[in-house]
Amino acid sequence: MTFGFIRPGTIREAIEFLSEHKDNSRIVAGATDVMVQMRSAKPAEEKPLWLVDITSIPKLSYVNLENGIVRIGAMTTHRDVARSAVIHDVAPFLADACLSVGSPQIRTRGTIGGNIVNASPAADSLPPLTALSARLRLISRKGSRDVALEEFFKGPYKTIIEPDEILEEVYFQAPEQSSCCAFLKLGRRESLAIARLSVAVLLDVDESGKISKASIAPGACLPMPGRITPAEEALTGKTPDEETVNLAAQEVGAEMIRVSGVRWSTEYKKPVACALTKRAIWKALGVDED
Ligand SMILES: Cc1cc2nc3c(=O)[nH]c(=O)nc-3n(C[C@H](O)[C@H](O)[C@H](O)COP(=O)(O)OP(=O)(O)OC[C@H]3O[C@@H](n4cnc5c(N)ncnc54)[C@H](O)[C@@H]3O)c2cc1C
């Protein structure tokens, strides 16, 4: 494959270049997805390309909390998200998700921005970010625009990002102090495994022990990230018990079939989606199922 390589030092330089070459350029962050995709590109897909490496733009790597809003720069690596004191404090399930990505090498290079823009249905950061109702800031020479994470995806590996846009940051409202959360991932093996299924659960529990708010977002079982409203409704206003949690978990399996239909994998995935959701809800609530 023929390609040119450019490494802008500032966001301004990067967006100027992208706007000039929007038809034949591609952003590269950690390159852990891009490299694999370029290697497996079929000859027919090959065309000269500018790779725009944004790793030298220091202003895109940060995690901060200001006025109740958590902001994560797109170039922040999974390792840095997983180690962030802010994330551990306000959304530990996002730290768990980033810690479950690949291997130490992949987490040290791979970025949260790349994970979002690559839009794999199995991307680990997406379920917690979806449960957090995260938003994205995109910038280009024309200015910036903010979109809800759930509106960003058009399908597997497809997003609404324009070729001249850079994802600058992902941000979300810090959950209430009273909230609890969990992320669980099931892969074909314990480590260095892409999710076969995952689920992120975020719950608010009031003083009487009732769930006042629930967000449930599975991964690797829907074409694109989304919350499961019927499962959330099954929990909201209830004191969690075996029956309520089971019902919510069943809704996740049912939604998977509603959206994706019955497939060869459904026989395995449906009960596993239910079991994983159940486990994640109890984990978030601090209850050991065993
Ligand atoms: C061995 C291996 C194991 C893996 N395991 C996992 C896993 O367990 N879980 C998981 O979720 N993923 C996994 N991945 C996939 C990958 O590591 C992640 O998706 C990673 O977060 C991608 O980030 P990156 O910085 O490397 O993105 P890149 O490869 O650089 O880019 C990915 C895509 O995003 C675009 N892009 C990147 N940054 C921006 C930006 N700021 N603005 C606009 N567009 C941008 C690129 O143009 C490209 O289309 C694995 C990959 C490998 C090779």
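**Notes on the sheet, the domains and the ligand site**

1. Three strands make up an open sheet, ordered 1-3-2, with parallel pairing. Strand 1 (3-6) and strand 2 lie at the edges, each pairing on one side only. From one strand to the next the twist averages 25 degrees. Strands are DSSP runs (E, at least two residues; helices are H or I, at least four), numbered from the N terminus, and pairing takes at least two DSSP bridges. Axes are lines fitted to C-alpha atoms, and angles run from 0 to 180 degrees between N-to-C directions.

2. A word on the source: this is a predicted model, where local features need pLDDT of at least 70 and side-chain atom pairs pLDDT 80 or more, while totals for chains, interfaces and linings use all residues. Residues are numbered from 1 along each chain as its sequence is written.

3. Strand 2 pairs with strand 3 (residues 49-53) over four bridges, in the parallel sense. Within strand 3, Val52 is the residue opposite Ile27.

4. The chain splits into domain 1 (3-53), domain 2 (58-173) and domain 3 (179-284), with bounds from an automatic or database domain assignment. The C-alpha centres of domain 1 and domain 3 are 36 Å apart.

5. Where does the ligand lie? Domain 1 and domain 2 both contribute residues to its shell, so the ligand lies between them. The surrounding residues number 29, with Ala29, Gly30, Gly110, Gly114 and Asn115 the closest (near means a C-beta atom, placed from the backbone, within 6 Å). Helix 7 gives the most, five residues.
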